[in-house]
Amino acid sequence: MKHKIKTFLWAAVAILALGFLVYSTPKETFRQAIRQVSWYWVLAALVLYFTAQTLLASRWVLLLRVQGIYVSQFQAIRLTYMGLFYNNFMPGAVGGDLLKGWYVTRHSAEHLRVEAAVTVFVDRLVGLIGMILVAGIASLFVGPELGLEIKNYGRLQIRWLVWGIFLTMVIVSIIFLSRHVRRVLMISYILQKLPFEKVLRQIDDAIRIYRHHQRVILISLILTALIQGLSIVAIWLLTQSLHFDRVTFVQCLIIMPIIWVISAAIPVPGGIGIIENCVKYLFCLVINPDFPGQAVGQAVALALLIRIMICLCSLPGALVPIFGGHLPKRSEMAKEIIG
């Protein structure tokens, strides 16, 4: 009963947030943008985005095999869509990634349950690194139009933010994977002093094992580039469905990874409201570079189309909890995964 109330409250908040976004938008430009939508472009975007989400399972299968866990492609697809569904539709203590980690332990040997759960985190991390790599390369091919005016500081280029995020990820990766850096920072000593030292060390070992599988990481990054490419082509097709002729694919390659990183960093289920407002502010800069303020209604129309696409492509995941057994509690998952 409590879970149903939380879900209802979240749905109400989500609808109110989207409603307020539309309400606070200039009505005429918003209505005009919606009226001129070319729906065949939207359909093409849905097909590409759905394909990209399905390919996520292939990357996860590769990362699981490094840990000696063999899950079929079909099972990986089922669990991937389940995670997407719970992340976007079913907020609460049990998130989509946590559920993926728990369900995959059902297909793993008992002594590999922690490693199976860790692959969900590694999959996310590889996806994040690949996403920023794509954005970083794209940032070399755009002009100064992708910039924000900051009072007393001049114009902040979006590419600087991309490079800053990429540098941060490089530093974190070095800390995790470099023996010399770990020795200097006394990572092993610190782990010994923390609670649940045994489990933390097992997690640490499960992450570091990928250091010896550069080929798998390289293939995973290539898959990530393909997945992100298809997803961003889908976003670009949505801009074309709204007849935003000045928006280029390269601009989308920079803007969307930033939006996805921001939405991942802020713990809001499905990034509801976060994604929409980021789309609203950043796409105004490229829809109408000369007068960004006049493009707010058009950008909000794009934000709503993106949300509809995300939700529609997550719906197949609803079939997993319906036909695949009970929904575990967080305490149950922690007990079974960690032991």
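Which residue's side chain meets that of Asp123 in a salt bridge?

The partner is Arg59, with an N to O distance of 2.7 Å between the two side chains. This pair links distant parts of the chain, since Asp123 lies in helix H6 (residues 113-138) and Arg59 in helix H3, 64 residues apart. Both Asp123 and Arg59 are buried. The model is a predicted one.

## Other salt bridges

A search of the whole structure gives 4 salt bridges. Side chains of opposite charge can pair when their charged atoms come close. One of the bridges joins Asp290 and Arg246, whose closest N and O atoms are 3.4 Å apart. Asp290 is in the loop between helix H13 (274-287) and helix H14 (296-312), and Arg246 is in the loop between helix H11 (214-241) and helix H12 (249-265), so the pair ties together parts 44 residues apart in sequence. Asp290 counts as exposed because its relative accessibility is 52%, whereas Arg246, at 43%, counts as partly exposed.

Another of the bridges is formed by the side chains of Arg35 and Glu28, at 3.6 Å from N to O. Arg35 has a relative accessibility of 59% and therefore counts as exposed.

## Contacts of Leu48

Leu48 is part of helix H3 (residues 39-66). With a relative accessible area of 24%, Leu48 is partly exposed. Leaving aside residues up to four places away in sequence, Leu48 touches Leu230, Val233, Ala234 and Leu237. Between Leu48 and Gly229 the sequence separation is 181 residues, while the C-alpha to C-alpha distance is 9.7 Å.

How values were computed: Residues numbered from 1 in each chain as written. Predicted model: local features only at pLDDT ≥ 70, side-chain atom pairs only at ≥ 80, totals over all residues. Heavy atoms only, no water. Helix = DSSP H or I, 4+ residues; strand = E, 2+ residues; numbered from the N terminus. Buried < 20%, exposed > 50% of the residue type's maximum accessible area, 1.4 Å probe, protein only. Contact = heavy atoms within 4.5 Å.
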